[in-house]
Amino acid sequence: MSAQTPSIQFFEGVPETLSDVSLRKNRTSGIRSVLLVFQELKSLERFRSYTKRFTNSVRLTDEEGEINIEPSSVQFIFGGPEGDDLKRLECKFEIDREDHWERFMRFMHRYAEANGMVYGEV
């Protein structure tokens, strides 16, 4: 496959910029939870969401292909003087299969490298 710049999309054709990611593993069940945080959404800021098809999922695309994930929750957090400025969007989902986790992590490593992000323990 050809090298493709990794991207994350809520709306087809509108790549978003990831601000932060949190990865956790439930010690009892082994299920892994992912929290993707976006400080801004290009699809909303440019009002392009009305002209592009909403995918009902988060689309992660890289040189291996596409991963479509249906989030367990998507939360819009607003602030500002009148409370109507988008501060961030938090998108949560769980991954219970090891092969899916490995594929997700390969995507995240590519995305981080392409966008100057680094991994850090909290």
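# Salt bridges, a helix and a hairpin

Guide: Welcome! In this model, a network of salt bridges links Asp62, Glu63, Glu64, Arg103, Arg106 and Arg110. The model is predicted, with local features needing pLDDT of at least 70 and side-chain atom pairs pLDDT 80 or more, while totals for chains, interfaces and linings use all residues. Residues are numbered from 1 along each chain as its sequence is written, and side-chain values use heavy atoms, leaving out hydrogens and water.

Visitor: Why is the contact of aspartate 62 with arginine 103 called a salt bridge?

Guide: The term asks for a side-chain nitrogen of Lys or Arg within 4 Å of a carboxyl oxygen of Asp or Glu. For aspartate 62 and arginine 103 the closest N and O atoms are 2.7 Å apart, so the pair meets that definition. Aspartate 62 sits in strand 5 and arginine 103 in helix 2, 41 residues apart, and the pair links these distant parts of the chain. (Helices, H or I with at least four residues, and strands, E with at least two, are DSSP runs numbered from the N terminus.)

Visitor: What makes aspartate 62 buried or exposed?

Guide: Its relative accessible area is 1%, so aspartate 62 is buried. The cut-offs are under 20% for buried, over 50% for exposed and partly exposed in between, with a 1.4 Å probe and protein chains only. Arginine 103, with 14%, is buried as well.

Visitor: What does the pair of glutamate 98 and arginine 32 tie together?

Guide: Here the closest N and O atoms are 2.9 Å apart, in another salt bridge. Glutamate 98 belongs to helix 2 and arginine 32 to strand 4, so the pair ties together parts 66 residues apart in sequence. Glutamate 98 has a relative accessible area of 40% and is therefore partly exposed, whereas arginine 32 counts as buried at 12%. The structure holds 10 salt bridges.

Visitor: How do you know that the length of helix 2 agrees with its number of residues?

Guide: The expected span is 1.5 Å times one less than the number of residues. For the 17 residues of helix 2 (residues 98–114) that gives 24 Å, and the end C-alpha atoms are 24 Å apart, so the two agree. After helix 2 comes glycine 116, with a positive phi near 65 degrees.

Visitor: Which residues of the largest nonpolar core touch the most other members?

Guide: They are Ile8, Phe10, Leu36, Phe38, Leu60, Phe93 and Phe104, in a core of 23 residues. Helix 2 gives the most to this core, six residues. A nonpolar core is a set of buried Ala, Val, Leu, Ile, Met, Phe, Trp, Tyr and Cys residues joined through side-chain atoms within 4.5 Å.

Visitor: What makes strand 7 and strand 8 a pair?

Guide: Two strands pair if DSSP finds at least two bridges between them. Seven bridges join strand 7 to strand 8, which run antiparallel, so they pass that test. The two strands form a hairpin with five residues between them, and glycine 80 in the turn has a positive phi of about 90 degrees. Phenylalanine 78, in strand 7, has leucine 86 of strand 8 as its bridge partner.

Visitor: Why is phenylalanine 78 called partly exposed?

Guide: Its relative accessible area is 46%, so phenylalanine 78 falls in the partly exposed range.
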